[in-house]
Amino acid sequence: MAILNMSKTLFKSLFHGPYTTLYPLKEKDKYERTRGKIEIDMPQCIYCGMCQRRCPTGAIQVDKASVSWGIDRLKCIQCGYCSEVCPKKCLSMDNHYTTPSYGESKDKFTNA
Amino acid sequence: MSERTVIPFGPQHPVLPEPIHLDLVLEDETVVEAIPQIGYIHRGLEKLVEKKDFQQYTYVAERICGICSFMHGMGYCMSIESIMDVKIPDRADYLRTIWAELSRMHSHLLWLGLLADAFGFESLFMHSWRLRERVLDIFEETTGGRVIFSVCDIGGVRKDISSETLKKINESMDIIEKELTELTAVFFKDSSVKYRTKGVGVLSKQLAHDLGAVGPMAKASGLPFDMRTQGYAAYKYLKFEPIIDTDGDSYARTTVRIKEIFQSIDLIRQAISLIPEGEIKTKVVGNPNGEYFTRVEQPRGEVIYYAKANGTKFLDRVRVRTPTFANVPALLETLKGCSLADVPILILTIDPCISCTER
Amino acid sequence: MEQNIKVIQTGELLSHAVSLNHEGYRLVAISATAKEGIELTYSFDKEYDFINLRLEIDADTEVDSISPLYSYAFLYENEIKELFGAKIRNITLDFNNQLYRIPIETPFAKKEEKA
């Protein structure tokens, strides 16, 4: 019979304290590569529509006529394929997540 | 003969992370037959290949399952690369191997936690998952995602790991190995774990062979089937032996998985020490034309990727034979004759991944 | 990995399966592809020796089930029957197209293009 195998680990964690972070008060550290959300450097964009065509989920809308670029945040799967194919490299992956939302979460950027 | 009762098991059950339904035919407390019913999460992802082009489908393939995500992406990419006759750089092969082995560690640690949870050992469950967190942190640091990596691409990988980070991974491996040795001693020695798993659901070697079992399920019954020995990716350069056990019970399946975690740590160390410098991606031009079967060893067993292309950017067919699909008949066999209280443990010991099964 | 695909006729399936079973090959997958008809591929393995039997049938051809030989083939065959509408007879455990219970009939089969 082998009992109390776990006690060493349990005593350790008793003195160590919680291994988790108290989320809304303290945020977990992000890494540089964390795929949070897609950002765009609007003045660079040439509205070629490459990102819109290549996006696996169809989250991106590019409109040349109204010089705008829009993204549906909840459709986006953060794969980063758009930033890879962008010819002007104006799309980039930011390491902060989009804020949670109840309904739709769409962002639209327009060049004045 | 006593009266027979049919008890529905699932689709919602505390032990199941995903929905599967079993009709259990019981005689008193003993199961005499089990009939599976799936289809609760059939998403038709194989059909989606006709709507998404072959490069976009890489991201779909990764999302077939959340646990073996990387190896799904890798299996798909390997099939397309073989069809297009693309030779990927050595460094990419090594990086894929490192991520694949890390995935195996995280999958097995998750499973150990779930098993502990199934027989009510809550603190063991928490500590297994605490350890898994270290692996997930490595993923986030190297790929940007904790579960879905989006890092495998046709022709190689999309992100490199710098030599400093590789060194850091090596150091993390030491810490994980130390903590794992301490934690898995509980699985190996503790009487309550043994009581629930030893001699439960024995699958003989002959049956495992005849029912087409794969992965740890087959290895625990003494069948040394491991696709990694076929030398895909960088496995041809690494030294390892498939881990087998001969008892074929739930305890053997647990020990096989625990030993596989240690084996993965060793493989990662080997890969880090051997990794060459160089390119990480070959440029892929044109569209695939042809068909190919790829066999990859996932944490749950062998997965078969079949891709058929027709020369356009849309593939004709992608078919994924996932390990759980192959293990269901073996599960149904082991359920026969077990007691009702052992059913949850038995279902867990095949490490069911229903999302994979139904795709 | 070597790809070994052997095209066979509908009637020969069972005799091939019997001889493979006798030699100790395991069934590892049955795949289907929808084109003009349905293309079935039976994959067998023995010690990493990988053999595929290719069968091309049209929607009305009946194929014998190999589940009496390989008991676990019933899952694959039920799946193909339900998703592609292939006619497979004598499956040991036939779900009668109720394995996945999808509301659409044979969703993976080639549909007539709408003009």
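1. A salt bridge here is a side-chain nitrogen of Lys or Arg within 4 Å of a carboxyl oxygen of Asp or Glu. By that rule, chain B and chain C share four salt bridges. One of them pairs Glu79(C) with Arg319(B), with 3.3 Å between the closest N and O atoms.

2. Before going on, some housekeeping. This is a predicted model, where local features need pLDDT of at least 70 and side-chain atom pairs count only at pLDDT 80 or more, while totals for chains, interfaces and linings use all residues. Residues are numbered from 1 along each chain as its sequence is written, chains are lettered from A in the order in which they are written, and side-chain values use heavy atoms, leaving out hydrogens and water.

3. Back to chains B and C: 43 residues of chain B and 37 residues of chain C make the contact (heavy atoms within 4.5 Å). About 3,400 Å² is buried between them, 58% of it on carbon and sulfur atoms; buried area is the accessible area (1.4 Å probe) that two parts lose on being put together, summed over both. In chain B, the residues that lose the most area to chain C are Phe293(B), Arg295(B) and Phe325(B), together 20% of what that side buries.

4. Now the packing. A nonpolar core is a set of buried (under 20% relative accessible area, 1.4 Å probe, protein chains only) Ala, Val, Leu, Ile, Met, Phe, Trp, Tyr and Cys residues joined through side-chain atoms within 4.5 Å. The largest has 158 residues, and Tyr76(B), Leu102(B), Tyr42(C) and Ile66(C) have the most contacts inside it. A second, separate core of 17 residues includes Trp69(A).

Terms used: Buried means under 20% relative accessible area, exposed over 50%, partly exposed in between (1.4 Å probe, protein chains only).
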